Amino acid sequence: MTTQALIDQIKQKKSFLCIGLDVDLNKIPAHLLKTADPIFEFNKAIIDATHQLCVAYKPNTAFYEAYGIKGWKSLEKTINYLNEKHPEIYTIADAKRGDIGNTSSMYAKAFFEDLAFDSVTVAPYMGKDSIEPFLAFKDKHTILLALTSNEGAFDFQTKKINGKEVYKEVLETSKNWKNSENLMYVVGATKAEYFKEIRNIVPTSFLLVPGVGAQGGNLQDVCKYGLNDNVGLLINSSRGIIYASNGLDFAEKAATKAKELQNEMAEILKKH
């Protein structure tokens with residue numbers, strides 16, 4: 001999917017909501033456990049109930065890999081369902097890959113060609129030759145971890161080297177990589193005070209922002225400094241939406257939570 005197609009969806013739906021499909025069999029409604037593929041049935045119900053309210057879905061691959069080949073099959077069925085039923089919706093494989101060049105090429109093929117995701121998250125630690133194989137794919141995006149929302153982010157990301165924080169060095173260096181126009185960046189919502197400086201470095205790039213809701217991030221704070229002329233934000237909510245209920249009404253309750261966020265986004269866009 002092109003960046004412009006994503007922007008068009010945002011304008012049409014008045015939403016920049018991304019829903020994380022992080023499926024834990026210990027948390028999903030008990031009645032689904034009796035089905036042949038509980039993970040897919042859960043995802044399908046969430047997608048059917050929320051697809052008009054969001055512009056992206058983000059399965060975290062760990063929640064599928066943990067269940068072995070069955071989990072991987074559930075992920076494949078989920079992405080196939082999205083691509084067939086809702087091809088206009090942006091898909092993110094939250095896989096946090098990144099390895100030496102030839103290995104990265106294989107990871108890229110796995111997510112972009114075999115599973116046909118629109119984007120994948122990658123770690124920048126190994127540098128240019130580990131990221132450029134992902135960037136080589138036309139109309140696909142590579143979402144680079146820049147400043148994350150976890151407590152351990154302060155171990156390295158905000159440390160200064162020669163007077164500059166590591167996350168800023170990552171942002172600035174990545175702009176020089178081949179096909180860097182295909183880059184997006186992960187910036188945690190719990191780091192809202194950093195958005196102004198991040199926008200000075202990558203003013204036009206899309207930022208994927210986890211941490212709104214269950215992790216304590218504030219949508220208004222993020223938008224105050226993170227929005228750009230093309231919106232430029234994908235706000236992710238996972239647990240706060242998909243686990244709003246574990247009863248028979250789980251999909252309906254998920255839609256209610258998604259609608260609350262979408263309404264807030266529509267108001268923000270109206271003023272932007």
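Lys168 sits in helix H8, residues 166-174. Helices here are DSSP runs of H or I with at least four residues, strands are E runs of at least two, and both are numbered from the N terminus. Lys168 is buried, at 13% relative accessible area. Buried means under 20%, exposed over 50%, and partly exposed in between, with a 1.4 Å probe and protein chains only. Leaving out residues up to four places away in sequence, Lys168 touches Glu197 and Ile201; contact means heavy atoms within 4.5 Å.

This is a predicted model, in which local features need pLDDT of at least 70, side-chain atom pairs count only at pLDDT 80 or more, and totals for chains, interfaces and linings use all residues. Residues are numbered from 1 along each chain as its sequence is written, and side-chain values use heavy atoms, with hydrogens and water left out.

Now the barrel. Eight strands close it in the order E1-E2-E3-E4-E5-E8-E9-E10, with parallel pairing. Neighbouring strands of this sheet are turned by 30 degrees against each other on average, direction ignored. Axes are lines fitted to C-alpha atoms, for helices over the stretch in contact; angles run from 0 to 180 degrees between N-to-C directions. Strands pair if DSSP finds at least two bridges between them. E8 (183-187) and E9 (207-209) pair in the parallel sense over two bridges. Val186 has Leu208 in E9 as its bridge partner.

Helix H5 (101-114) lies across strands E3 (90-97), E4 (119-122) and E5 (141-147), and runs at about 155 degrees to E3.

Last, the cysteines. The structure holds zero disulfides, a disulfide being a pair of cysteine sulfur atoms within 2.5 Å. The sulfur of Cys18 has its closest cysteine sulfur in Cys54, 7.5 Å away, so the two are too far apart for a bond. Cys18 is buried at 0% relative accessible area. Cys54 is buried, with 0% as well.
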